Amino acid sequence: MERVRVGFVGCGGHSTSALYPNFRLVQELELVAVCDVQEQLARRNARLFGASAWYTDFETMLANEELDAVFIVGHPSMHEELGLEALRRGYHVFTEKPTSLTVQGARRLAEACRESGRVGQCGHMMRHAPALVLAKRIIESEEFGPLNFLESKYFTPGPNEPIWGIESADWSYMLCQAIHPVDLARHIGGEIVRVAATRCRPHRQVYVVAVEFASGAAGLLNLNGAAPSWETRLEATGDNFTFVAVENMTHVRYETSAAWPAEFGSDLVQISSRNWQVPTRDNSEVRAGYAEQMKHFARAVLEGVAPYPTFQDEVRNFLVCQAILRSCEEGRAVEVEE
Ligand SMILES: NC(=O)c1ccc[n+]([C@@H]2O[C@H](COP(=O)([O-])OP(=O)(O)OC[C@H]3O[C@@H](n4cnc5c(N)ncnc54)[C@H](O)[C@@H]3O)[C@@H](O)[C@H]2O)c1
């Protein structure tokens, strides 16, 4: 197989603005067919993004086309239900986050993927944003030293109301937004085993969560759904008096306690600081990680590199989100369920 032949289900807002445009950047993927129950959207995306066929029915698309992989992007129940069906039939699957509305559903998808032996990858683009990939490499370097502390800040304008037919506004926010910084913190800091969360006004999604990583490092999830716009920051310190910060997935600052070389003025500058503005694949700041995660999925199918995040990662993300809400309710630190 030289290119991965993709059938894409869902021609809605997010997929059309952030995912479909990347097929032109990721040559390893071939967009063969698109599918949406709304015919005009399926027709539109086939035309806009160069698919040779469009469908209004998932089954018909699978029956008519020779595909290697299916992308599923829309309602979380669609990720779970169509994802299970696609894996059962032997396709590789990419879904957006969250993979389901429930922990049980996320587990079902992860288990089906494990049994199928196919590639399953979930859409947490922050893991693939080049600036955060660089930060992870810095954090894992010998010079940085073992991670002591990691903060994952994530500010968004909501949602503060229930979405996707979920009853609880809190669980809606967790699955829609909090799951991003949770996944990123786990990716960079390792497994989260314990959380102690507090929140302010119950009608707003604002949480401060102290977390403990399995490594013993401490962390802070700074989750805020009451901000005027999207804003993220990651900060970490290492045991060698080192510090790294990533602003909005594009600007990286790395500081060590090593003084500058004598010829430049070690008497003046006691801290060595390096700054990068890291370009993304399409040179756009707001799209960091989207094309890269699709390229990674293609490499997982074609070259056998490990996909990430996996559907099993998403189960763990759900469990951390669940523990955050439990900790708020019970007013104490709680272990993350296995
Ligand atoms: N990673 C990110 O940064 C990010 C950002 C925004 C949204 N998202 C995720 O993306 C998803 C939303 O994507 P969207 O905005 O493209 O969704 P959307 O709701 O706008 O569109 C979903 C489309 O799927 C179609 N559809 C529903 N059932 C179908 C079926 N059985 N077969 C074929 N088509 C069907 C609908 O007609 C609709 O056009 C959510 O899960 C959300 O969490 C992720």
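Residues are called buried under 20% relative accessible area, exposed over 50% and partly exposed in between, with a 1.4 Å probe and protein chains only. The structure is a predicted model, in which local features need pLDDT of at least 70 and side-chain atom pairs count only at pLDDT 80 or more, while totals for chains, interfaces and linings use all residues. Residues are numbered from 1 along each chain as its sequence is written, and side-chain values use heavy atoms, with hydrogens and water left out.

With a disulfide taken as a pair of cysteine sulfur atoms within 2.5 Å, the count comes to 0 disulfides. For Cys11, the closest cysteine sulfur belongs to Cys35 and lies 7.4 Å away, too far for a bond. Cys11 is buried, at 1% relative accessibility. Cys328 is likewise in no disulfide, as its nearest cysteine sulfur, that of Cys200, is 10 Å away.

Aromatic residues come next. Rings of Phe, Tyr and Trp (its six-membered ring) are paired if their centres lie within 6.5 Å; planes under 30 degrees apart count as stacked, over 60 as edge-to-face and the rest as tilted. A search of the whole structure on these terms gives 14 aromatic pairs. One of them is the tilted pair of Tyr20 and Phe23, with 6.4 Å from centre to centre and 50° between the planes. Tyr20 and Phe23 are both buried. Phe23 also forms a tilted pair with Phe71, at 5.8 Å centre to centre and 55° between the planes. Phe23 lies in the loop between helix H1 (13-19) and strand E2 (29-35), whereas Phe71 is in strand E4 (residues 69-72), so this pair ties together parts that are 48 residues apart in sequence. Helices (H or I, at least four residues) and strands (E, at least two) are DSSP runs, numbered from the N terminus. The relative accessible area is 7% for Phe23 and 0% for Phe71. Both rings belong to one aromatic cluster made up of Phe8, Tyr20, Phe23, Phe49, Phe71, Phe94 and Phe297.

Leu19, in helix H1, is buried at 0% relative accessibility. Contact here means heavy atoms within 4.5 Å. Setting aside neighbours within four places in sequence, Leu19 is in contact with Phe8, His14, Val73, Phe94, Glu96, Tyr290, Gln293 and Met294. In the case of Glu96, the C-alpha atoms are 10.0 Å apart in space, although Leu19 and Glu96 are 77 residues apart in sequence.

Helix packing can be followed in H6 and H7. Two packed helices are described by the angle between their axes and the distance between the axes. The axes are lines fitted to C-alpha atoms, for helices over the stretch in contact, and the angles run from 0 to 180 degrees between N-to-C directions. Helix H6 (residues 130-139) and helix H7 (residues 169-189) have axes that come within 10 Å and cross at roughly 35°. Leu132, Lys136 and Ile139 of H6 meet Leu184, His187 and Ile188 of H7. Trp171 also lies in helix H7 and is buried, at 13% relative accessibility. Not counting residues up to four places away in sequence, Trp171 touches Leu101, Ile166, Phe318, Cys321, Gln322 and Leu325.

The backbone has several features worth a look. Most residues other than glycine have a negative phi, and most peptide bonds are trans. Another cis peptide bond joins Tyr308 and Pro309, with omega about -5°, and Pro309 is found in the loop between helix H8 (290-303) and helix H9 (311-330). Phe241, although not a glycine, has a positive phi of about 55°. Phe241 lies in the loop between strand E11 (231-238) and strand E12 (242-247) and is exposed, with a relative accessible area of 70%. Asn248 is not a glycine either, yet has a positive phi of about 45°. Asn248 is found in the loop between E12 and strand E13 (251-256) and counts as partly exposed, at 22% relative accessibility.
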